[in-house]
Amino acid sequence: MSTTPATDRLISSISYFLPFINGLHYGRFLFAQYPPLSHLFQPLLPFFSLYKSIPYASFVSFFALYLGVVRNPSFSSYVRFNAMQALVLDVLLVLPLLLQRIFTPGKGTPYLPIVADAAGRQM
């Protein structure tokens with residue numbers, strides 16, 4: 001029998017939705033290969049679309065979870081530990097995306113007319 005209250009377990013499990021939603025885009029290859037698997041996530045699509053439509057939703061959610069739960073001593077250590085673990089998972093999911101954006105060149109070379117003309121004259 002668990003001694004952890006159901007409310008603590010519920011709050012702890014809800015905190016894992018942040019890394020789940022932010023990591024869902026990694027499953028696009030799996031969903032493309034196995035379309036029936038994507039049907040399991042159909043009920044979450046409206047929530048996912050709403051989340052992605054809000055600017056900086058991930059950033060705000062991250063700090064809301066950190067400041068509102070992890071740093072809040074009114075929550076039990078069980079809840080705070082699980083919320084912090086969810087945040088660490090979220091950071092680990094974002095790192096490959098950041099590295100990809102840093103090391104992948106853009107679609108086109110930026111062309112600034114005045115700067116490009118000055119650079120061309122120096123060549």
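I call a residue buried under 20% relative accessible area, exposed over 50% and partly exposed in between, with a 1.4 Å probe and protein chains only. By that scale Y56 is exposed, because its relative accessibility is 65%.

**Ground rules**

I am working from a predicted model, where local features need pLDDT of at least 70, side-chain atom pairs count only at pLDDT 80 or more, and totals for chains, interfaces and linings use all residues. Residues are numbered from 1 along each chain as its sequence is written, and side-chain values use heavy atoms, with hydrogens and water left out.

**Entry 1: Y56**

I looked up the backbone here and found phi of Y56 near 60°, a positive value in a residue other than glycine. Y56 sits in the loop between α5 and α6; helices are DSSP runs of H or I with at least four residues, strands are runs of E with at least two, and both are numbered from the N terminus.

**Entry 2: the largest pocket**

A pocket is an open set of points on a 1 Å grid over the protein atoms alone, with protein on both sides within 12 Å along at least five of seven lines; a 1.4 Å probe fits at the points, and lining residues have an atom within 4 Å of one. Volume is the space filled by probe spheres set on the points, which are joined across faces, edges and corners.

The largest pocket holds about 480 Å³. I count 19 lining residues, with N22, K52, S58, V94 and L97 the closest to the centre. Helices α5 (45-53), α6 (57-70) and α7 (77-103) each supply at least two lining residues, and α7 gives the most, with 7.

I sorted the lining by class: 13 nonpolar, 3 polar and 3 charged. Here Ala, Val, Leu, Ile, Met, Phe, Trp, Tyr, Cys and Pro count as nonpolar, Asp, Glu, Lys and Arg as charged, and the others, Gly among them, as polar.

From N22 to F48 I read 9.5 Å, C-alpha to C-alpha, across 26 residues of sequence.

Y26 is in the loop between α2 and α3 (28-33), and is partly exposed because its relative accessible area is 33%. Its C-alpha is 9.7 Å from that of L97, although the two are 71 residues apart in sequence.

**Entry 3: the second largest pocket**

This one holds about 210 Å³. Its lining is I11, I14, S15, F17, L18, I21, F47, Y51, S61 and L65, and α1 (6-15), α2 (17-23), α5 and α6 each give two or more residues. By class I have 8 nonpolar, 2 polar and no charged residues.

I102 lies in α7 and is exposed because its relative accessibility is 61%.

Last, P35 of helix α4 (residues 35-38) is partly exposed because its relative accessible area is 44%.
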